[in-house]
Amino acid sequence: MIPVSIFRKYALLLPLSGLAAACGSDATSGKGAGKTAGPPAVSAAKIAQINVLVDASGGMQGFMHANAPGQAGSGFQQTVTALLSDVNGQKSQQAAPPAFYFVKEATGTDPRVLVPATYNELAGAVSTGIQHPALGTELPQMLAEALKLHAKKPGTVSIIVSDFIYGPKNPGETWRVKTDVKDALSTADAAGLAVSVFAGTSEFRGNFYPGNRTHSQALRGEKLPYYIWVVGAPELVGRVDGSLLKRLAGQPQAHFNTRFAPPYAVLDHFQNAGEWYKADAGAVPAVALTKSVSRKEPAEIVLGLDLKAVPAEWQKAAAQGLRLDPAATNAALLRTWPVAQEPAAAGKPYLQQYTHLAKIRVNQIPGAGALLHLTLPRQQPAWVAQASTANDSNIARQGPKTFLLADVLQGVADYFADQPGAQLSLDLPVRVQRAE
Amino acid sequence: MFQQLFTSLYQALLGTPAPSSLIPVYQKSIFPGVGLSTFFAVALGMALVYYVVLNRLMTTALFKTSHWLLFGLLTAVVAAGLAYSQAHSVVAETLNSSGVALEGIEQSAYNRYVLGFLCVNALFGALFFVFWSFVVKSFSTSARTTPVRWPN
């Protein structure tokens, strides 16, 4: 038998053992700390509402022709119907249900440019034709009206479907098309706006009204271009591009200030040299350099970039075109290469989830930490010049071209000219700091 | 606090963890975890077993200083085993969760560092056992004066 007095003596040890248990569990819960290695969190900004604007002018009628039983429908009808359906299908995921509008010319009896419609009305019009085609509204006015909706409800993203033919009323003023477009956008702040343009071609059956205001031409199934513009806040447009417009990823496109957030991460067990480790520092991938990092023992850090969701043209450009903004450090980009060209990547899922690799060398510890930026400078999309024409009088002969498209998009580019972010297609920050 | 304390204790003898990509794993998880369990579970446990269980609750002939030294050695061995298995399992878990495997230089750096770590922890285990011996020995009846009379 154990005498009771012993327990009194050991009572002294009880608080100690309690402490041990508490600390022990604390230490084991710390185990998970090393494995938070996922891609940086996407910004929390939410899409308030998606507006879909479909041009209902007579010039669009040729895309939305009625089809005989068994006919496949035009490319326009298939693409836009699928898009409308996707937007409508997402209504439960957004803060507000999507809004649908016809775009028409303001007249004396009906001064509205945007006529609210239901999903069914819009989808019906696309598949069987517009019942009462209106005169087309001017492109700048259409953009300005769309932006008015944005001003009323921040966080709105507009998807505008039109042929985007803009011929000024006075054909002598075509030289100022780009200024008109820039002015139309100027109601909004360029820093908070982005425009993505997706181009498509579709067979056209009906009257084509040239942008230079010459006689209309009747077409019987010739291919004509149409465009889907996505307008809204930079990251929201990037998100809509990557989700609702994913089907159009392979089509020619142009992006202005659109913020794509491709997943990327620091790879701490691949071709790493020098003493550094991956630090958890919130949304931006971070690297902590130990004291031993120096010119003699530089840190070499490989980043994995998953560019599957960015435009195909950029993916191709990335292997050659990525740049490093060293942010006052002497960090240098040693090499960028596609994962497909990395022999060691075979059978390594942690590398295969990326499309590109970029190796950075840092040989100096930045005192307070520095934010390096891996960037892809913006390039003028080559297809724009080819899809643009200065005279669309005989469009049947010219093929799928749009009147002064290059000028229209130049106007958009001019509008974003003062935005440093708009000059970069990709901007991926990496924090470099001293190890604690 | 414990994280800081044990990190500086171990790194004073071992240097920065290698490969460097595992520094956060060692500093946040392995050092405090192994340090605390060596201090409390292993060293204190062994001291209690020796002084209270064997030399108070039971009456055994294990009260000599040589027995005490043997227990100190046993503590060191258990501490070394604990250090190795903890480091191994925590590192394996971390690597598995990110889908990578150590290769070449990293693997040999890891082996070298873990070897050093288990030696250092054996030393710490023995030292902690000595410390706890002096705390616990007054609870004993037959080994109150092992290894020395002080402070009883």
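User: What does L289(A) touch, not counting residues up to four places away in sequence?

Analyst: This is a predicted model. In it, L289(A) touches W276(A), A299(A), V362(A), I365(A), V432(A), R434(A) and A435(A), leaving out residues up to four places away in sequence.

User: Which residues touch the most other members in the largest nonpolar core?

Analyst: L289(A) is one of them.

User: What does the second core include?

Analyst: It is separate and has 77 residues. Among them are V54(A), F63(A), L245(A) and F403(A).

User: Sheets next. What is the strand order in the one with 7 strands?

Analyst: β3-β2-β1-β4-β6-β5-β7, in chain A. The sheet is open and the pairing is mixed.

User: Which strands stand at the edges?

Analyst: β3 (114–117) and β7 (253–256) of chain A. Each has a single partner strand, so one side of each lacks a neighbour in the sheet. From one strand to the next, the twist averages 25°.

User: How do β4(A) and β6(A) pair, parallel or antiparallel?

Analyst: Antiparallel, over 5 bridges. β6(A) covers residues 217–232.

User: Which helix lies across β4, β5 and β6 of chain A?

Analyst: Helix α7 of chain A, residues 234–243. It runs at about 135° to β6(A).

User: How many residues of α7(A) are buried?

Analyst: 7 of the 10, so α7(A) is largely enclosed by the rest of the structure. The buried ones are P234(A), L236(A), V237(A), G238(A), R239(A), V240(A) and D241(A). They pack against β4, β5 and β6 of chain A.

User: What about α4(A), which strands does that lie across?

Analyst: β1 (49–55), β2 (99–103) and β3 of chain A. Helix α4(A) spans residues 119–128 and runs at about 35° to β1(A).

User: Back to β4(A). Where does F164(A) lie?

Analyst: In the loop between β4 (156–162) and α6 (177–185) of chain A.

User: Buried or exposed, and why?

Analyst: F164(A) is buried, because 25 other C-beta atoms lie within 10 Å and the cut-off for buried is 20 or more.

User: Which residues is F164(A) in contact with, leaving aside neighbours within four places?

Analyst: L139(A), Y227(A), T402(A) and V408(A).

User: How far apart are F164(A) and P225(A)?

Analyst: 9.0 Å in space, C-alpha to C-alpha. In sequence they are 61 residues apart.

User: Now the sheet of 4 strands. What order does that have?

Analyst: β8-β11-β14-β13, in chain A. This sheet is open too, with antiparallel pairing. Its edge strands are β8 (264–267) and β13 (332–338), each pairing on one side only. The twist averages 25° from one strand to the next.

User: How many bridges join β8(A) to β11(A)?

Analyst: 4, with the strands running antiparallel. β11(A) spans residues 299–305. L267(A) stands opposite V302(A) in β11(A).

User: Which helix packs on that sheet?

Analyst: Helix α8 of chain A, residues 312–321. It touches β13 and β14 (356–362) of chain A. Its direction makes about 140° with that of β13(A).

User: Where are the domain bounds in chain A?

Analyst: The domain assignment gives domain 1 as 2–260 + 378–424. Domain 2 is 264–377 + 428–434.

User: How many residues are in contact between the domains?

Analyst: 16 residues of domain 1 of chain A contact 16 of domain 2 of chain A. By class, the domain 1 side has 8 nonpolar, 7 polar and 1 charged residues.

User: Last topic, chain B. How many helices and strands?

Analyst: 4 helices and 0 strands. The C-alpha atoms fill a box of roughly 55 × 25 × 20 Å along the principal axes.

User: What percentage of chain B is buried?

Analyst: 47% of the 152 residues.

User: And how much of the contacts comes from residues 24 or more positions apart?

Analyst: 84% of the chain B contacts with a separation of 6 or more.

Note on methods
Residues numbered from 1 in each chain as written. Chains lettered and ligands numbered in written order. Predicted model: local features only at pLDDT ≥ 70, side-chain atom pairs only at ≥ 80, totals over all residues. Helix = DSSP H or I, 4+ residues; strand = E, 2+ residues; numbered from the N terminus. Buried ≥ 20, exposed ≤ 12 C-beta atoms within 10 Å, placed from the backbone. Contact = placed C-beta atoms within 7 Å. Core = buried A, V, L, I, M, F, W, Y, C linked by C-beta atoms within 7 Å. Pairing = 2+ DSSP bridges. Axes fitted to C-alpha atoms, helices over the stretch in contact; angles between N-to-C directions. Domains from an automatic or database assignment. Nonpolar A, V, L, I, M, F, W, Y, C, P; charged D, E, K, R; others polar.
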